[in-house]
Amino acid sequence: MVVFESALPDFYLSHFDLTGKIGTIMSAIGPTGLPVLMDTFVRLTKAPVISLARIRGCVRGVSSEFVLACDMRFASRENTKLGHPELGVGLHPGGGGTERLPHLVGRGRALEIVLSANDFDGDTAERYGYVNRSLPDAELDGFVDTLARRIASFDRRALVAAKHLVNEVSLPPSDRLLAAFTSFGTALGWPEAQSRIRTVLERGLQREADFERNWPESLGTLVGPENTGGSR
């Protein structure tokens with residue numbers, strides 16, 4: 001049993017580094033034969049341990065994909081911002097978001113989450129199925145600890161077998177995950193994406209905490225309506 005939480009109340013985990021300083025994360029291959037980022041998520045999902053995400057703060061993009069790879073997710077009602085802002089900077093999810101979300105929330109809500117590039121609070125995330133439960137912040141720690149200890153008290157072989165059986169009918173195949181990751185790598189080179197990324201970096205993304213907390217709110221104003229490419 002493992003519980004993942006953040007020591008920072010406002011940020012659960014960072015989103016993908018949009019400055020381009022990503023090292024070999026797109027090219028190095030992990031033990032599953034997938035690129036290391038995807039490899040990490042796949043191995044977490046299939047690991048013979050139960051993983052719980054105890055969520056406070058911002059959980060966006062690849063951070064959302066990390067918690068989606070966990071077996072269960074529990075969020076602070078007052079302090080959670082979940083979402084996939086990639087479309088707002090000309091990209092799309094590439095770490096499993098588009099593959100895992102529909103299994104949890106359904107097609108329509110998955111499209112709403114991905115295409116709106118908006119934040120979703122704890123209550124909405126619970127109602128959609130994005131997280132298992134949203135709890136008052138003061139109750140979150142106690143609830144997750146109690147659940148983790150209860151599960152950990154059961155026979156390990158039975159837990160592993162049960163998780164494996166659920167995985168068999170609920171996980172996306174590796175080829176779909178790899179296709180999305182490859183497409184994301186291609187999208188990083190699109191001129192439109194590069195322009196939008198430069199704009200949000202200039203406005204303070206990855207430098208200013210206040211902007212980082214709320215940056216999806218500004219994504220609809222990066223370019224003029226004549227350049228959005230959308231229908232009217």
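Predicted model: local features only at pLDDT ≥ 70, side-chain atom pairs only at ≥ 80, totals over all residues.
Visitor: What makes Phe4 and Phe66 an aromatic pair?

Guide: Their ring centres are 5.1 Å apart. The cut-off is within 6.5 Å, so the two rings pair. A search of the whole structure finds five aromatic pairs.

Visitor: Why is the pair of Phe4 and Phe66 called edge-to-face?

Guide: The angle between the planes is 80°. Planes over 60 degrees apart count as edge-to-face, so the name applies.

Visitor: Which parts of the chain does this pair tie together?

Guide: Phe4 sits in strand E1, residues 2-4. Phe66 sits in helix H2, residues 62-69. The pair therefore ties together parts that are 62 residues apart in sequence. Phe4 and Phe66 also belong to one aromatic cluster with Phe41.

Visitor: Are Phe4 and Phe66 buried or partly exposed?

Guide: Phe66 has a relative accessibility of 14%. Buried means under 20%, so Phe66 counts as buried. Phe4 has a relative accessible area of 27%. That value falls between the 20% and 50% cut-offs, so Phe4 is partly exposed.

Visitor: How do you know that the buried residues of helix H4 line one face?

Guide: The buried residues of H4, residues 107-116, are Ala110, Ile113 and Val114. Seen down the axis of H4, they fall within an arc of 90°, so they line one face of the helix.

Visitor: What lies on the face of H4 turned away from the buried side?

Guide: That face carries the exposed residues Gly108 and Leu115.

Visitor: What do the buried residues of H4 pack against?

Guide: They pack against helix H3 (97-105), strand E4 (119-120) and helix H5 (122-128). After H4 comes Ala117, with a positive phi near 55°.

Visitor: What makes E2 and E3 paired strands?

Guide: Strand E2, residues 51-60, and strand E3, residues 72-83, share eight bridges. Pairing needs at least two bridges, so these strands pair. Their sense is parallel. Gly57 has Thr80 in E3 as its bridge partner. Together, E2, H2 and E3 make a right-handed β-α-β unit.

Visitor: How do you know that E3 pairs with E4?

Guide: Two bridges join E3 to E4. The cut-off is at least two bridges, so they pair. These strands run antiparallel. Leu82 stands opposite Phe120 in E4.

Visitor: In what sense do E3 and E5 pair?

Guide: E3 and E5 pair in the parallel sense, over three bridges. Ala75 has Ser134 in E5 as its bridge partner.

Visitor: Why is Ser134 called buried?

Guide: Ser134 lies in strand E5, residues 133-135. Its relative accessible area is 3%. The cut-off is under 20%, so Ser134 is buried. Not counting residues up to four places away in sequence, Ser134 touches Ala75, Ser76, Arg77, Gly122, Asp123 and Glu126.

Visitor: Why is Met72 called buried?

Guide: Met72 is found in strand E3. Its relative accessible area is 17%. That is under 20%, so Met72 is buried. Leaving aside neighbours within four places in sequence, its contacts include Ile50, Asn132 and Leu147. The C-alpha atoms of Met72 and Arg133 are separated by 9.2 Å, though the two residues are 61 residues apart along the chain.

Visitor: What makes Asp10 and Arg213 a salt bridge?

Guide: The closest N and O atoms are 3.2 Å apart. The cut-off is within 4 Å, so the name applies. Asp10 lies in the loop between E1 and helix H1, and Arg213 in helix H10, so the pair ties together parts that are 203 residues apart in sequence. The structure holds 12 salt bridges.

Visitor: Why do the side chains of Arg56 and Asp141 count as a salt bridge?

Guide: Their N to O distance is 3.0 Å. That is within 4 Å, so they form a salt bridge. Arg56 lies in strand E2 and Asp141 in helix H6, so parts 85 residues apart in sequence are tied together. Arg56 counts as buried at 18% relative accessibility, and Asp141 as partly exposed at 32%.

Visitor: Which residues are linked in a network of salt bridges?

Guide: The network links Glu5, Arg54, Arg56, Asp137, Asp141 and Asp145.

How values were computed: Residues numbered from 1 in each chain as written. Heavy atoms only, no water. Phe/Tyr/Trp six-rings, centres within 6.5 Å; stacked < 30°, edge-to-face > 60°. Helix = DSSP H or I, 4+ residues; strand = E, 2+ residues; numbered from the N terminus. Buried < 20%, exposed > 50% of the residue type's maximum accessible area, 1.4 Å probe, protein only. Arc of directions from axis to C-beta. Contact = heavy atoms within 4.5 Å. Right-handed = clockwise from strand over helix to strand, strands pointing away.
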